[in-house]
Structures are given as C-alpha cells and as structure tokens.
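User: Got a model to go through. Can you walk me through the packing?

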Amino acid sequence: MRYGISLFLGCVALAGLLLGGCAETTKPAATARPAPAKPKLAYKVGNPYQIDGVWYYPTVDYNYDETGVASWYGPDFDGKDTALGETYDMNDLTAAHRTLPMPSMVRVTNLENGRVLALKVNDRGPYAKGRILDVSRRGAQLLGFDANGTARVRVQIMAEESRLMAAQAQAGQPVALLPGETKPQASPTAAVTAQPLAPPPGVAAAAPPPAAVKPKPVVTARTQVAVAPIMPDGRVTQVPVHATNLYIQAGAFTNQSNAVRLQAKLGSIGTTNITPIRVDGQRFFRVRLGPIATVDQADAMLDRVVGSGVPQARIVVD
C-alpha cells in the first residue's frame, strides 16, 4: 500500500508537467552519431568471493599454470558488461577466469589438437563445476572447439605481457618514451665570466664589464606518446599433441593421514589413488580419481565427488 500511495502522489505531482506531451509524441530530429569514446583502462584483482559453497581468492600470480577443461560463452552474454567493466564482444579474443588479475594475458593450449592462442582475461568465471576457463566464441573458433563446446586445455599466464597490461591500466592511459629517447638532461649551469682587456694607447679605459650572469638551466619535459594497449594478436601456433588423461583431483595434503581418510571416503565412487608430489620444495599427498575417458564422464564423477562433501574437487588433465 505504501508504494501504491507514493506512486499515485508522484503521478499527481507530475500530471501538470506531462499533460502537454500526452496527446502526441514527436520524433526527435536526426543528429550525427557521436564518435565513440576512447575506452578507459581499468585494473582489478578483487576480493575473495563464494559461489555454490566454494571460495575463490583472486590474486596476482605470474607463475600461474594449470590444466583442465575450458568452455566458451557467446550470444547470451554478448553486449553485457564484463567483471572489468568492459563490454563483452564474443568476437574479441577474451576470456573469463576465476582468480587472475584483470586484465591479464594468458596462453591457452588446446591439448586435443595442439593449437595455441593468447587471450585477454577481462571477466570472472566460469562457475560451472569442472571448468577452469571460459573463452569468447572467437577464441573457441580459433582454438578449434566451438563445435564441441569444451576442450582439454593448458592455461599459462604470460607474465611480461600481463605486467605491462597492469602498468598501463593502473596508469589510466598507455604511454611510452619515443623510440631511442633518453631522459633529457638540463643545460650546463657553470657561470660564464668576461675577462677585461687593456685599452690601446690613447684610448680611455672602457666601463667595467657587468657582473657574471649564471644562466638558468633549461629542463625539457619528458616526451610521452600514446601507445596502443597490449592486446592479443590473434596468431594461432601449433605444438605437438600428446595423449592426456582426465582425473578428479579431490585434494592435496601435507599430512598423509588426511589423504588416506579422503581416499577411503571416495573409494565407492571410483578408483582413488594417493600420489606424493613436491610443490615449491614442500611434500604433498595428492588424492585423485581416474583416469577418466571423456569430459562427460568426468563431469558426472565430479558431481558425485562434490555431492559427497568435497566442494573443492576439480577436473585436471595430465
């Protein structure tokens, strides 16, 4: 009722203003379409967030290297804002990642056909279980999995390009010194003095010279020129294809007993193995189910593992 009364009073208050325009509408005169504004560069890492019971922790990680399953997104999102605030264009070479900084550049390798492509991360996602990257439609076309919908991939951050993208975005505008330019130097600051000469015979001495004048240094401002933001070049390269297997990675523990307990818990779902590994010098006991033949089978097994109380489980390719 409160909202109905407010709406009625608002309409009454505006009736006198709107009455003259109710009888007829006129089409505004055509005007020239303004030139599109230059895109503003933005940089975002973001705070931890939770989706379907799983926490994600965005972070700057220039050592990121992960295998898994990628998917692509297209018409349903085309024209909408990305998490970075850019407009999503399914024909651009972009991707969505859950935790990498935006923007970043990643190298995506389709492990099924050997195609390699660089993509710009400017969105968050995917949030479907078992996916590590969502790429644009154009990205999927160039990587060769637009028809299948998914592919086994390796995703590696391109550290140098990503650092430069971050620097440009944080500066708000990409700038650089002109090619070959060095930092300008101030002009000499030493004082210049005049030495008087004796007058010739029969000529009166001239007035003394003025005091020495110290010239002001001239400092040239740093010359900067606009440069294009770092973007993927669209080149597809090819690497050899090797056989891969799919697994469900349920966890990794420094305490072996925790790994054994998880293995026992998941044993009824499928073959579960514990493998000792070292990461940055530290020993872990990794719990995996598999190998699994297809992505569909891996998705089904992942659902069962997550349903058993292991929400952090994920699909990996090895």
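Analyst: One term to settle before we start: helices and strands here are DSSP runs, numbered from the N terminus. Also, this is a predicted model.

User: Fine. Which strand does R288 lie in?

Analyst: Strand 14, residues 282–292.

User: Is R288 buried or exposed?

Analyst: Buried. Its relative accessible area is 12%, and the cut-off for buried is under 20%.

User: What does the side chain of R288 make a polar contact with?

Analyst: The side chain of Q249, at 2.9 Å. Beyond four places in sequence, R288 touches Y247, I248, Q249, T271, T272, N273, V316 and D318.

User: New topic. How many residues are in the largest nonpolar core?

Analyst: 23. L119 and L133 have the most contacts inside it. Strands 5, 6, 7 and 8 and helix 2 each supply at least two residues.

User: Which strand gives the most to this core?

Analyst: Strand 8, with four residues.

User: And what is L133 in contact with?

Analyst: Leaving out neighbours within four places in sequence, V69, A70, S71, A95, A96, H97, V108, P126 and V155. Another core lies apart from the largest one. That other core has 22 residues, including L246, L266, F285 and L302.

User: Which residues of helix 4 are buried?

Analyst: A259, L262 and L266. They fall within an arc of 65° seen down the axis, so they line one face of helix 4. R261 and A264 are exposed, on the face turned away from the buried side.

User: What covers the buried residues of helix 4?

Analyst: The cover includes strands 12, 13 and 14, plus helix 5.

Definitions and conventions:
Residues numbered from 1 in each chain as written. Predicted model: local features only at pLDDT ≥ 70, side-chain atom pairs only at ≥ 80, totals over all residues. Heavy atoms only, no water. Core = buried A, V, L, I, M, F, W, Y, C linked by side-chain atoms within 4.5 Å. Buried < 20%, exposed > 50% of the residue type's maximum accessible area, 1.4 Å probe, protein only. Contact = heavy atoms within 4.5 Å. Polar contact = N/O pair within 3.5 Å; in protein donor to acceptor, adjacent residues only side chain to side chain. Arc of directions from axis to C-beta.
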